[in-house]
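Let's take a walk through this chain together, from the overall build down to single side chains.

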Amino acid sequence: MGIHLHVWRAVRRWPVPAVAAATLVAVTVAAGAVSFSGDADRAAAPAATVRVDRGEVTSAVAATGSVRPAASRGLAFTAAGTVTEVRVRPGADVTVGQVLAVLDDDEAHAEVTRAEQALADARAALGDLEAEEEPDTRACTTSPVPDTRGDGAGGAAGAATAGDDVRTTPSGEPGSPTPRPAPDQSSPSATRSATPTPTGSSAAPVKPSPTGTGKGPAATPTAPASTGPRGCPTEPGGSGPGGNAAGADPLLRAHQQVTAAQLALAEAEDRLAGTTVTAPVAGRVLSVGGPVGTRVSAGARFIELAVVDGMQVTATFPEADAGQITAGQVATVTPAGRPDTQLDAEVVEVDPVGTSDGQVVRFGVRLALDGAPDDLLIGQSAAVRIRIATVADVLRVPAGAVEVRPDGSGTVLLAGAAEPRAVVVGVRGDQFVEIRSGLAEGDLLLATG
């Protein structure tokens with residue numbers, strides 16, 4: 001008992017700092033022993049090695065996209081009115097010609113009736129004009145005829161027939177034609193009438209003399225008279241006796257009214273047909289503009305229809321990846337929630353202009369699905385993996401066994417070697433990297449990652 005008490009008193013005589021120092025030394029020694037043991041274990045464990053082999057290497061880029069229809073159509077009423085029937089809802093599949101929505105068509109029917117009556121009235125007016133008696137041809141033949149001879153006798157000659165003389169009154173008006181007397185060489189008048197006066201349509205055209213006859217000023221060439229719409233000659237820019245201008249002809253005006261009435265009827269019938277919206281193609285309804293009772297205007301989109309025969313996926317890629325994507329490349333699409341479903345796809349379009357989010361410029365890519373399932377949801381997200389390049393039967397190493405520099409060169413560490421070896425790499429994939437030179441099949445490499 002006395003001995004134990006002596007020891008206790010001796011320990012109590014040690015100062016507190018000495019006790020703390022002794023404790024710290026003991027902990028340090030123990031930690032060093034544990035660390036030495038761990039280093040020994042690591043030195044004893046062999047490093048992981050991989051073997052250079054031959055196989056396929058695929059380079060690909062990946063992004064997340066969404067499912068979209070190949071095409072969509074906005075369907076609208078061609079008439080204004082109130083919706084009386086809505087026969088579909090979003091998500092419904094429809095067939096060609098199926099009625100989707102209907103408008104109140106009372107006003108459209110009334111418009112067609114008015115247009116039909118207007119057309120009937122226009123046709124009746126045209127029939128009355130066509131049944132009227134033809135215009136008096138004598139009024140046309142006695143209208144003034146331009147003087148083409150230059151001596152003032154052209155007007156009188158136009159009213160005479162071949163072989164007849166024309167008597168004129170002192171005022172210059174043409175008189176009635178008289179038979180030509182037998183030629184008498186001693187009579188001055190016989191000499192004047194020896195040459196027949198060309199008249200009517202049987203006479204040869206008379207070319208005006210550029211210098212006249214010497215009795216007056218030179219005659220001015222005159223264009224032949226035109227024929228009016230009713231068969232009478234008209235003067236350019238106006239209407240003479242028996243010859244109305246084209247714009248003032250009653251028959252022409254009646255024809256124009258019939259044509260206008262036909263166009264108005266066709267438009268009214270189109271508006272009547274437009275009170276019903278039908279499906280132009282088979283597809284799936286994406287949206288409906290409103291319920292029964294909705295007031296719509298002509299041409300306003302009411303139903304959005306998606307063409308689901310060819311579903312597509314749209315995704316955006318950063319410019320570093322988009323520069324490697326071209327139309328025709330194959331891809332795989334994995335819909336969200338279906339990790340075991342991989343759909344084949346093909347790139348059909350790459351946006352020529354990118355959009356910036358403030359940090360990265362991205363380009364849109366559109367892919368066409370090959371054999372999409374019927375239950376694929378429009379708007380559903382999907383993982384997209386586009387195959388950029390594929391090489392087969394080449395030397396390859398796991399991607400973690402080679403370090404690729406920015407310039408495209410690479411280095412590997414052979415098992416048992418102290419220094420890394422430079423290699424030439426080719427296609428770089430997610431799992432393997434192609435080795436074009438620097439290694440041989442069967443070489444062992446240390447895995448660095």
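First, some ground rules. This is a predicted model, so local features need pLDDT of at least 70 and side-chain atom pairs count only at pLDDT 80 or more, while totals for chains, interfaces and linings use all residues. Residues are numbered from 1 along each chain as its sequence is written, and side-chain values use heavy atoms, with hydrogens and water left out.

Now the big picture. The chain has eight helices and 23 strands; both are DSSP runs numbered from the N terminus, with helices being H or I of at least four residues and strands being E of at least two. Of the 449 residues, 25% are buried, where buried means under 20% relative accessible area, exposed means over 50%, and partly exposed is in between (1.4 Å probe, protein chains only). Take the contacts (heavy atoms within 4.5 Å) between residues at least 6 apart in sequence: 70% of them join residues at least 24 apart. The chain exposes about 28100 Å², and carbon and sulfur atoms supply 55% of that; the areas come from the Shrake-Rupley method with a 1.4 Å probe, and for residues only the protein chains shown count as cover.

On that surface, look for Glu116, Glu267, Glu269 and Asp270, which form a negative patch. To be in a patch, a residue needs over 30% relative accessible area and no salt bridge; like charges are joined within 9 Å, and nonpolar side chains (Val, Leu, Ile, Met, Phe, Trp, Tyr) within 5 Å. Asp and Glu count as negative, Lys and Arg as positive, and His and the chain ends are not counted. Which helix gives the most to the negative patch? That's helix α7 (residues 250-273), with three residues. Glu267 sits in helix α7 and is partly exposed, at 46% relative accessible area.

Next come the charge pairs. Side chains of opposite charge can pair when their charged atoms come close. The structure holds eleven salt bridges, each being a side-chain nitrogen of Lys or Arg within 4 Å of a carboxyl oxygen of Asp or Glu. In one of them, Glu441 meets Arg54 at 3.6 Å, N to O. This pair links distant parts of the chain, 387 residues apart: Glu441 is in the loop between β22 (432-437) and β23 (444-446), and Arg54 is in strand β2 (residues 53-76). Glu441 is exposed at 52%, whereas Arg54 is partly exposed at 44%.

Asp93 and Arg284 make another salt bridge, with their closest N and O atoms 2.9 Å apart. Asp93 lies in strand β4 (residues 93-94) and Arg284 in strand β11 (residues 283-288), so this bridge ties together parts 191 residues apart in sequence.

Two last stops. Most residues other than glycine have a negative phi. Asp393, however, has a positive phi, near 55 degrees; this residue is in strand β18 (residues 381-398) and is exposed at 55%. Finally, find Ser356 in strand β16 (residues 355-356), exposed at 54%. Its C-alpha is 10.0 Å from that of Glu319, 37 residues away in sequence.

How values were computed
The place of a charge is taken as NZ of Lys, CZ of Arg, CG of Asp or CD of Glu.
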